[in-house]
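Reader: I would like to learn how to read the helix packing in a model like this one, step by step. Could we look at the structure together and begin with a single contact?

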Amino acid sequence: MHSLKSWVIAMATLPLVAVGCDYATAKTDPDEPTADMAERGEAHYVNYCLQCHGENGAGNPDIGAPSIGGLPYWYVAQQLYNFRNGIRGVAYDDIAGKRMRPMAWALPSDRQLREVAAYVDGIQDDVGEIVGLQSVKTVTTIQATAEELAAGKASYLVCTACHGANGMGNPDLHSPKLVHLPDWYIVTQLKNFKSGARGRHPDDQWGQTMWPNAIALEEQDMENLAAYIQTLKSGN
């Protein structure tokens with residue numbers, strides 16, 4: 001009899017075939033970010049995001065706020081839309097997600113969501129250099145052995161189809177970059193996908209593709225995977 005994990009690996013790519021246009025794509029991805037959008041988005045970021053995600057989007061693990069500076073425009077816009085519209089952050093045990101909902105409610109128009117996303121995508125320092133995920137040292141909480149890293153690398157093979165061998169993601173598949181995300185956040189989100197706290201809403205069609213990949217992972221598997229993803233930083 002095939003194990004559940006084997007079945008999951010075999011089925012992992014099926015949702016990508018079945019999914020059509022994303023419900024929210026037309027509302028959040030109509031154009032590319034511009035400098036004007038980012039300039040307006042900075043004011044929104046200061047008002048609603050800075051307190052938790054910090055300067056340069058470095059994040060704060062003490063309150064479950066991940067590093068976000070430099071995350072792709074399309075991904076940030078999509079997730080803000082999901083938080084605002086009850087597609088994400090509504091599960092009773094997703095405390096950090098619930099904190100995001102009032103912040104997203106404060107951005108009632110899709111234009112404002114895109115402006116914040118444009119700013120986060122290209123967060124710059126005082127001399128105009130791109131910063132954020134490219135330069136902020138994220139907090140590492142998992143100390144993995146060589147054997148655990150090897151196990152994480154083996155598990156990551158399933159992830160490469162969407163997130164790429166280097167963890168840089170693929171906008172065509174709505175898969176975000178994973179490299180530079182904190183290990184604790186990756187584990188938290190894998191748990192959320194497995195439990196159904198994230199990615200089970202009928203309008204989160206791209207999020208639904210994560211469930212079959214997370215369902216077979218035990219917590220140790222998730223930690224191994226997150227630890228391995230941290231090793232990809234040196235290649236970017």
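Author: Let us begin with a pair of helices, where contact means heavy atoms within 4.5 Å: Glu-148, Leu-149, Ala-151, Gly-152, Lys-153, Ser-155 and Tyr-156 of helix 9 meet Gln-220, Asn-224, Leu-225, Ala-227, Tyr-228, Ile-229 and Thr-231 of helix 13. By class, this contact of helix 9 with helix 13 holds 7 nonpolar, 5 polar and 2 charged residues, where Ala, Val, Leu, Ile, Met, Phe, Trp, Tyr, Cys and Pro count as nonpolar, Asp, Glu, Lys and Arg as charged, and the others, Gly among them, as polar.

Reader: What should I keep in mind about the origin of the model and the numbering?

Author: This is a predicted model, in which local features need pLDDT of at least 70 and side-chain atom pairs count only at pLDDT 80 or more, while totals for chains, interfaces and linings use all residues. Residues are numbered from 1 along each chain as its sequence is written, and side-chain values use heavy atoms, with hydrogens and water left out.

Reader: How many helices and strands are there in the protein chain?

Author: Helices (H or I, at least four residues) and strands (E, at least two) are DSSP runs, numbered from the N terminus. The protein chain has 13 helices and 0 strands. Of its 236 residues, 47% count as buried, buried being under 20% relative accessible area, exposed over 50% and partly exposed in between, with a 1.4 Å probe and protein chains only. Among the contacts in the protein chain with a separation of 6 or more, 69% come from residues 24 or more positions apart.

Reader: At what angle do the axes of helix 9 and helix 13 cross?

Author: Axes are lines fitted to C-alpha atoms, for helices over the stretch in contact, and angles run from 0 to 180 degrees between N-to-C directions. The axes of helix 9 (residues 146-156) and helix 13 (residues 219-231) come within 7 Å and cross at roughly 90°. That makes helix 9 roughly perpendicular to helix 13, since angles under 35 degrees count as roughly parallel, over 145 as roughly antiparallel, 65 to 115 as roughly perpendicular and the rest as oblique.

Reader: Which residues of helix 13 are buried?

Author: In helix 13 the buried residues are Asp-221, Met-222, Asn-224, Leu-225, Ala-226, Ala-227, Tyr-228, Ile-229 and Gln-230. Asp-221 has a relative accessible area of 18%, and is therefore buried. The C-alpha atoms of Asp-221 and Ser-155 are separated by 7.7 Å, although these residues are 66 residues apart along the chain.

Reader: Which residues make the contact of helix 11 with helix 13, and how are the two helices arranged?

Author: Helix 11 and helix 13 pack at an angle of about 140°, with their axes 9 Å apart. That makes helix 11 oblique to helix 13. The contact joins Asp-183, Ile-186, Val-187, Leu-190, Lys-191 and Lys-194 of helix 11 to Glu-219, Met-222, Glu-223, Leu-225, Ala-226, Ile-229 and Gln-230 of helix 13. Its residues divide by class into 7 nonpolar, 1 polar and 5 charged.
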